Amino acid sequence: MACCALVIAVGVFGALGLTSGPEAPAAPVAAEVLEDAMPRDFDFYRRNIEPMFVRPRGYPDQDGNGACVMCHTWQTSLRFALEDMTETPEGWGWTPGQSTLNYDVVTKLVNASDPTSSRLLTKPLATQAGGVGHTGGDYWESTSDPEYQVVLEWIEMLPAAQFTPPPEPPLDFEFYSTCVQRMYQNPKYGQLSCQECHAGGFTGFAPRAANGTAWTEQEARRGFEAIQRLILAGNPVQSRWLLKPLHPDGGGSYTHNGVRRWQSRDDPEWLMMAAWVRGERTGSDCTM
Ligand code: HEC
Ligand code: HEC
């Protein structure tokens, strides 16, 4: 339903000449003033992208997904953290100043040189349609979803020189299949091992070795694929995989229904894994 509401909203604004879309005829003075004060894509962002983050999607009343802001303000310790909304006489919303801060965050999720590779597009997109997987769920069944199209239109407006993220360092597979496997198999402090809870299912990123001792190449490849979703290569402090098992006092996630393996980011094992996520650690030597 949300998709259709959006189409209608865009249609109505279009008819009234209020949209800031590229085809919209330039409304006289007011638009010029706005254009002077703000880049045009910011105006488009405020009208079309930000409302998408708060749009109700049926959860919890029906079986739908949650609104993006349910998880993307302070909850997930991720870089996609929007401002807490402000209460105004018209209801809850973001002030222009807060929108500017949000804009700085959201533009980190785009790649204007290669728009369809932007995480803002690939995360909510179903994996069957080319999405990369998203703990928050699938929001768009295909790239023809109107929301997808509006986000794409916005990203295409952004100047590539300014909004192209640096290339991500490659994660070394050999280190993964030796040192990461060792970590999965060897719990600390008498806790359960990662694979006790993460061998399969929705959060199944830590497969068990079918032979009980070591992964086959195929098993390791599967796990390596699965974990990419939870890592931001080059950026360990915003990689969920390194945040969930880290104690909250040491900079970890607020919640993890599992274990806290590391008390702080000074833990030698955390540092070693972080170096791997930055692309600096390779090979099968797991010395800390
Ligand atoms: C139920 C909680 C939840 C909801 C609702 C949710 N997300 Fe997420 N999202 C997450 C979690 C957890 C992650 C980190 C793990 C991952 O990337 O899958 C994430 C990651 C992301 C990322 C990658 C962030 C980065 O730093 O690269 C994007 C982009 C994103 N979500 C977009 C959205 C959008 C857009 C919506 C709404 C249409 C949404 N999410 C709704 C939980 C949620
Ligand atoms: C006792 C069971 C248990 C153990 C052991 C456990 N976890 Fe978890 N973990 C969970 C549950 C349940 C969730 C989902 C709810 C939540 O996010 O807390 C989760 C979520 C996660 C997520 C987010 C997954 C996603 O799809 O967004 C990561 C990453 C994670 N755990 C890493 C680890 C690592 C690494 C270990 C081993 C050091 C570990 N966990 C050990 C139960 C466990």
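1. **Ground rules.** This is a predicted model: local features need pLDDT of at least 70, side-chain atom pairs count only at pLDDT 80 or more, and totals for chains, interfaces and linings use all residues. Residues are numbered from 1 along each chain as its sequence is written, while chains are lettered from A and ligands numbered from 1 in the order in which they are written.

2. **Overall fold.** The chain has 11 helices and two strands. Helices (H or I, at least four residues) and strands (E, at least two) are DSSP runs, numbered from the N terminus. Along the sequence the pattern reads α-α-α-β-β-α-α-α-α-α-α-α-α.

3. Of the 288 residues in the chain, 22% are buried. Buried means that 20 or more other C-beta atoms lie within 10 Å of the residue's own; exposed means 12 or fewer, and partly exposed is in between, with C-beta atoms placed from the backbone. Two residues are in contact if their C-beta atoms, placed from the backbone, lie within 7 Å. Take the contacts between residues at least 6 apart in sequence: 46% join residues at least 24 apart.

4. **Largest core.** A nonpolar core is a set of buried Ala, Val, Leu, Ile, Met, Phe, Trp, Tyr and Cys residues joined through C-beta atoms within 7 Å. The largest one has 18 residues, and Leu242, Leu246, Trp270, Met273, Trp276 and Val277 touch the most other members. Helices H7 (173-185), H10 (240-243) and H11 (268-277) each supply at least two residues of this core. Beyond its neighbours within four places in sequence, Leu246 contacts Gly251, Gly252, Arg260, Trp262 and Trp270.

5. **Second core.** A separate core of 17 residues includes Val110, Leu121, Ile155 and Leu158.

6. **Ligand 1.** Its shell holds 23 residues, and Gly66, Cys68, Cys71, Thr135 and Gly136 come nearest. A residue is near a molecule or strand if its C-beta atom, placed from the backbone, lies within 6 Å of it. Domain 1 (2-157) and domain 2 (173-277) each give at least three residues to the shell around ligand 1. Those domain bounds come from an automatic or database domain assignment.

7. **Ligand 2.** Here 18 residues surround the ligand, with Thr135, Cys194, Cys197, Asn257 and Gly258 the closest. Helix H8 (194-198) and H10 each supply at least two residues of this shell. The largest share, four residues, comes from H8.

8. **Tyr189.** Most residues other than glycine have a negative phi. Tyr189 has a positive phi of about 50°. Tyr189 is in the loop between H7 and H8. Tyr189 counts as exposed because it has 8 C-beta neighbours inside 10 Å.
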